[in-house]
Each structure stands twice: as C-alpha cells, then as structure tokens.
Amino acid sequence: MTQQAPPTALTPEVQAMVGVSGDVVESWGVVDGEYMRRFTQALMDPDPRYWDDEFAKSTRYGEIITPPIMVSYLASRIRPDQGDPITAAFEENPESDGIGSVERPGELPPVPTNLVRVLNAGNEIELYAYPSIGDTVFFQNRYSDIRERLGRDGTPFLIITRETRFWNQNDVTLCITRASTIRR
Amino acid sequence: MTTLLDDLLNMEAEEIWKLNERPDADGLRDKEQIYYEDVNEGDELPKYIYKPTPTHLFRWSAAIENFHRIHYDLDFGLNHDRNPSILVHGSWKQSVVPQYLKDWTLPNGWPWKARFEHRAMLVPGDVLIMWGRVTSKYEKGQMGFIDLEIGMKTQDGIESMPGTATVVLPLRNGPPIPYPFVPPAD
C-alpha cells in the first residue's frame, strides 16, 4: 500500500501572497522629543545624543537623534480619530487581553490558509539612519517570504515573513524590520 | 576588559549585577572608537545586566502603548494565560539589541543589522545578561564588518534570544562610514 504524501500548505493562493503590500501609511504626528524621552527611559538608554542638544551638534549627526527602531512603535500609535479601541475591546469581551481587535492602518490581507496556530519564528532589523526630531514617518508592510517546512510528523507548516520599511519625508529609509511567524 | 560570559554564569545573581557594564550618559558621551583592527574573533562585548521589575515592565508598556495584559496584569497572566508571572516584553528585548550594538560601535561605527528569536519566557526577578561575541570579521568597501553572535541569557544560563548581528567599524586609516548607511554592493 502506498503512503500518500501530505497535502502541501504552500498552495498557489498562498504563494501568490509573496510580494503583496499594504497601503503606504503616514504615521500620526511626528517624531517628537517627549515620546523619545519616555521611550529611552523605559529602554534604559541614557545616550546624550538623544537629549543634549549641544553635545549632539558636535557628533557626526550634527543634531539630536532618536533610537534606531523607535519609529516602529511610534508608527503604531492609536490615532485620536480612531475612537477608543481599548474600551471597545472590553465592551466586546470583558476578558479581553487588552489588545483585542485594535485595527492598525496598513495591515496586510490574511494569508489564505487553514493553519491557524501562530508562533513567533524570529525577527530581523536593518538600520540605515537615525530618525530626526520632527520627521514624518511613513511605512509599508509586505509579505517578503513564505516557505513551507515539514514538522517531525511530516505535517507541513508555513513560515511567513512580514517586512516593514520605514522612511521619512525625504524618502530616506530609516529601518527595515522583518517578523517571521510559524503557522501550524 | 569585560567579564567572560561563562564566568558570569558561574556567579550568584547579586554578583552578576555588580558586574553590569551598561554605560551611563558620560560613558556614552566619551566613548572611544573601537576600530576594525582592534577586534579579534572570539572577543566578547561588554555585558549589559538588567533586573526587570513589574514597574519596569509597566513603564515599557506605557512608553510604547502596548496594552497587552500579560505584561502588567498578574491575575490575567496567571489565571487566563497560565503564564508563570507577568512577562518581559519581546519588544523591549529587541529594542535593547540595536542599543547594545549602537553603544559598541559609537561614535562613528554603524549597528547595521541583527536577527534573533524569542525563546524563553522572562519574568520579574530574572537577572538578564545581554551579551555578544565576535565570530568573524572582513573588510569590504573600505569598511570593517564584524559578525557577532548575540543573545540575552538569564542568570541560570537559559538563552532567551539567540541571534546574530553585523556591525560596521571604521578602519584605522579608512574613510568615515557613510551616513545614512549604505552597504557595499555584493
């Protein structure tokens, strides 16, 4: 009796998602010193390049800089015109985990797979420039890679990589982040 | 000279904390450049030691507007998600990485890229050691590239964030590293 190979998880519909991009999103507000103060204190990074104007002018950057991937968090600020998603999440589910169904702009369409269990598979960051105070930050998500692997029991699963590029109003790329998830 | 990671892992948590090499503001202001020629395979980077408390976790949640209850609501963490405690954020750990690489390459190098995985669950009370070790080096485009193995271990030696990184250091008689950074063509 011949053993049947398990069906592939990397269907043509799944493969077609590689390269699919979300909308270009302009982050709400600009890179600001107060956000950075809270961020660097919480990170425990006392670098004077972030707050000592006179010293910062003497560095190769010539100005105050901001931490490399701070924009990736700043960009997900809930916009004031977005209502109150926290209250809405608890209205919908009193046992909400606190993030509920908060919608983030620029999200990608879901990958058409019936594999629903999601596990973190790793992160990548690439840095190109430090954001400046006053920068407007844009970002765009895209599926940069989807590949199939076989589990120990021979069951296929997917590794889905979502890439996000952040750039400023002068079209200078600030950083690129990639987050990979396993879908089982 | 930094304390070797293996030696730290043979110490009690309080002894590890005393050997924290996280620089203060003046240390970062006066940081002397490490040049490509100064670095050898096997060298270890300074160890950044952290002792996160619930207050540290709350401060990070507030700073980045991450409202996930597993990071600040102990009752939810224990009874809903069945976690051992509230959990240290992966986002905090992954923000320490570029900080760590930045500090080591200051003032004129560049913390180019890193990749890592999140593994163990970290909780308040853990003593965490951010570490790095040089695995190889090469020159390209008149810049010095340093490949690193990086991670964040607990005092018990559990690796919570195994990864790799590549940073760029200036050559002693070389040109400045371009800014914004432009990697050399392959």
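Predicted model: local features only at pLDDT ≥ 70, side-chain atom pairs only at ≥ 80, totals over all residues.

Colour the strands and follow an open sheet of 10 strands in the order β1(A)-β3(A)-β4(A)-β5(A)-β2(A)-β2(B)-β5(B)-β4(B)-β3(B)-β1(B), with antiparallel pairing. Out at the edges you'll find β1 (25-26) of chain A and β1 (48-50) of chain B, each pairing on one side only.

Now zoom in on chain B and pick residues 128-140 and 143-154. These are strands β3 and β4 of chain B, which run antiparallel and are joined by 12 bridges. For one pair to click on, take B:Y138: its bridge partner in β4(B) is B:F145.

Next, show helix α6 of chain B, residues 90-105, which packs on the sheet. Here α6(B) touches β2 (118-127) of chain A, and from chain B it touches β1, β2 (110-116), β3, β4 and β5 (163-169). Compare directions while you're there: that of α6(B) makes about 145° with that of β2(B).

Stay in β4 of chain B and select B:K153. Is this lysine buried or exposed? The relative accessible area of B:K153 is 16%, and the cut-off for buried is under 20%, so B:K153 counts as buried. To see what surrounds B:K153, hide its neighbours within four places in sequence; the contacts are then B:L5, B:L9, B:V127, B:L128, B:I129, B:W131, B:I158 and B:E159.

Time to cross over to chain A. Bring up helix α2(A), residues 33-43, together with α6(B): their axes come within 10 Å and cross at roughly 95°. The two helices are therefore roughly perpendicular to each other. Show side chains for the contact: α2(A) brings A:F39, A:A42 and A:L43, while α6(B) brings B:W92, B:S95, B:V96 and B:Q99. Colour that set by class and you get five nonpolar residues, two polar and no charged ones.

Keep α2(A) on screen and select its buried residues: A:Y35, A:M36, A:F39, A:T40, A:A42 and A:L43. Turn the view to look down the helix axis; these residues fall within an arc of 160°, so they line one face of α2(A). What covers them? The cover includes α4 (70-74) of chain A, along with β1, α4 (54-64) and α6 of chain B.

Step one residue past the end of the helix. α2(A) is followed by A:M44, in the loop between α2 and α3 (53-58) of chain A. A:M44 has a positive phi of about 70° although it is not a glycine. At 19% relative accessibility, A:M44 counts as buried.

For another positive phi, jump to B:R82, about 55° and again not a glycine. B:R82 sits in the loop between α5 (74-79) and α6 of chain B, and at 64% relative accessibility it counts as exposed.

Most peptide bonds are trans. Select B:L106 and B:P107, though, and the bond between them is cis, with omega near 5°; B:P107 belongs to the loop between α6 and β2 of chain B. Then go to B:Y179 and B:P180, where the peptide bond is also cis, with omega near -10°. You'll find B:P180 in the segment after β5 of chain B.

Methods
Residues numbered from 1 in each chain as written. Chains lettered and ligands numbered in written order. Heavy atoms only, no water. Pairing = 2+ DSSP bridges. Helix = DSSP H or I, 4+ residues; strand = E, 2+ residues; numbered from the N terminus. Contact = heavy atoms within 4.5 Å. Axes fitted to C-alpha atoms, helices over the stretch in contact; angles between N-to-C directions. Parallel < 35°, antiparallel > 145°, perpendicular 65-115°, else oblique. Nonpolar A, V, L, I, M, F, W, Y, C, P; charged D, E, K, R; others polar. Buried < 20%, exposed > 50% of the residue type's maximum accessible area, 1.4 Å probe, protein only. Arc of directions from axis to C-beta.
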